Amino acid sequence: MEQKDIIRLLKSKLDPLDQVPIEAYEQLLTHLEVLRFDKKQLVRPSHTLENNAYYLLSGLLAFKHEGRLSRLFLEGHVVYDRLAYQSGRPSHFELKAISKSILVKVSRQQEKQILKNIPAFEKLSEVLLQKAKEADELWLMISQKHYRDAYALLNKYFKGFYDVLSHDLLAQLFQLDKRTISRYNKYMYQIKDSPLAKVKMGEILNYPFYSALHHEPEYITNKVIKWLKENKLLESAAHIKKFRAYKMTYLALRLYPEAPMHKAIWIGELFAWLFLMDDYTDQLEGVEKLKFWNAIHGFVNAIMHEESWDNSEHFNPFQIAFISLWEEFEKLHAYGFKHVLIDQLLKYIESNIWEAKNKAYQIIPSLDEYLKERPYFSGGNLALELIPLGVECEQDKLYEAWKQLAVLRKLAAEMIYISNDILSYQKEHAISDFHNWVALLMHHQKYTRTQAIDSLLQRHNQVLQTFEIKMSSYFEQYRPENRVLLSLIKNLKFQVSGALTWSVEDTKRYLPEKAKQVLFEERLN
């Protein structure tokens, strides 16, 4: 590559920061030096004065300290030990090429001459200094994160870095045991074809609000398991172990992280009841699943409306457990919420009857039918409508504020449905279940899996943007008396981010089998 080509390349890289005329770049030729380094070649040794700065046109460089990788420099970075350069002291770091690299070198004296003779570069020089400072701050941030979060952060700037760097270099970079890196990379390899990997690497389904977990997850989990055992829904040690490993209670504890303890326990029991029914019915063939949901509907409806039922009839454990669940709900004294729970729970069961009927008679629903029922059979709408139950406030103010958030609730629900259908597609595809947005786009629109997921991600991002705009309108009109409304908005955000975090970080429910095995091996070690 000739020097003029280098100048054009340099201009194309720097123009987004500040546009400087090509004539000014041509004057640079006498003030800089272009260097090329092969992989593993030393750029400069440690304990030497840092009198030069480099701009990395292509490749990958790294600082090493006492033989171990300390930080990386990526394409477009200003490469130098900033503190050593500013203080005039020797740098403790060795600078080395990790891959074949092309650099533009400027000495301290050349920098002064450039700014004196070519003033067009003054602003760009300031921008580059600021970018160098920001790069230092990025590495400080990476150093303070758990390595899994550090992976995601670094991947935003250096996509696929874990495939480029050896396990030994990654272990040095994150200051970890090489075996830990090896196992995590193996796990990431096993999920590489799953959207889970892209979420973990921060590439898709990013939210500008955080997920929280209830402060007593183990205590609540133990209480829920005790209730399940008493109601014969979890009996064997193996089933209890799986329930714990899959962190089934953690979804409720992420969706309602600030719920009072007694309500958090009850919601945890409700979610466990729903989860175990879902897993149980996945094993039922043909009309058996339909019969099950019809039986559940009749029984639950009778219990909630205090109607009599035939005591001579044989009831399954889920029906019997619901008696206990309903009795515990009555003890919460949430009288204003009772009609909401009855309505949402019956809609949930009725929608599962619809789904079971489709499966029994091999009916693939249209997209319109699916989107009409999706809020209910998934339990998503039920989960959202439970939010007021977990908020401590005067009932009248609470439900008045809740009504005002109808649009925001609908937007939050759609984001949850999209993320869940993207992440659960593989699990549902394995059992030939078409009740999934990705699957139906592939079937009706003839999309590939990638096209279907990309289409939903685009829709998700549009919904998120609308959600943020609508949310901002409430924040701009802030008044102290709106604290109930603001609390409910906060809880809507907990639902959106919590559902995703549970699916990606907590549970193994949506992991490919090989990835589950990797995690099992990691626990053994």
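Predicted model: local features only at pLDDT ≥ 70, side-chain atom pairs only at ≥ 80, totals over all residues.

Which residue in β10 is the bridge partner of S58?

Reply: In β10, S58 has I102 as its bridge partner. Residues are numbered from 1 along each chain as its sequence is written, and side-chain values use heavy atoms, with hydrogens and water left out.

Let's start with the strands on either side of that bridge. Strand β4 (residues 52–58) runs antiparallel to strand β10 (residues 101–107), and 6 bridges join them. Two strands count as paired if DSSP finds at least two bridges between them. The pair belongs to an open sheet of 4 strands in the order β1-β10-β4-β7, with antiparallel pairing. At its edges are β1 (33–37) and β7 (78–79), each of which pairs on one side only. The strand and helix names are DSSP runs numbered from the N terminus: E of at least two residues for strands, H or I of at least four for helices.

Buried here means under 20% relative accessible area, exposed means over 50%, and partly exposed is in between (1.4 Å probe, protein chains only). L95 is also a bridge partner of two residues: R44 and F63. Strand β2 (residues 42–44) joins β9 through 2 antiparallel bridges, and strand β5 (residues 61–65) pairs with β9 over 4 bridges, again in the antiparallel sense.

On a 1 Å grid over the protein atoms alone, a cavity is a set of points where a 1.4 Å probe fits but cannot get out, while a pocket is an open set with protein on both sides within 12 Å along at least five of seven lines; lining residues have an atom within 4 Å of a point. Volumes are the space filled by probe spheres set on the points, which are joined across faces, edges and corners.

The count comes to 2 cavities of 30 Å³ or more. Helix α5 (122–143) and strand β6 (68–73) each supply at least two of its lining residues, and α5 has the largest share, with 3. By class, the lining has 5 nonpolar, no polar and 3 charged residues. The classes are: nonpolar for Ala, Val, Leu, Ile, Met, Phe, Trp, Tyr, Cys and Pro; charged for Asp, Glu, Lys and Arg; polar for the others, Gly among them.

The largest cavity has a volume of about 730 Å³. It is lined by 38 residues, of which F275, S378, G379, N420 and Y510 are closest to its centre. Helix α21 gives the most to this lining, with 8 residues, and α13 is among the helices that supply at least two.

Helix α13 (residues 250–255) is also where R254 sits. R254 counts as buried because its relative accessibility is 11%. Its side chain makes a polar contact with the side chain of D506 at 2.4 Å. A polar contact is a pair of N or O atoms within 3.5 Å; within protein, one must be able to donate a hydrogen and the other to accept it, and residues adjacent in sequence count only if both atoms are side-chain atoms.

Finally, the largest pocket has a volume of about 850 Å³. Its lining has 28 residues, with K242, L276, D279, Y280 and Q283 closest to the centre. Helix α14 gives the most to that lining, at 4 residues, and the classes divide into 14 nonpolar, 5 polar and 9 charged.

To place all this in the whole chain: it has 25 helices and 10 strands, and 52% of its 525 residues are buried.
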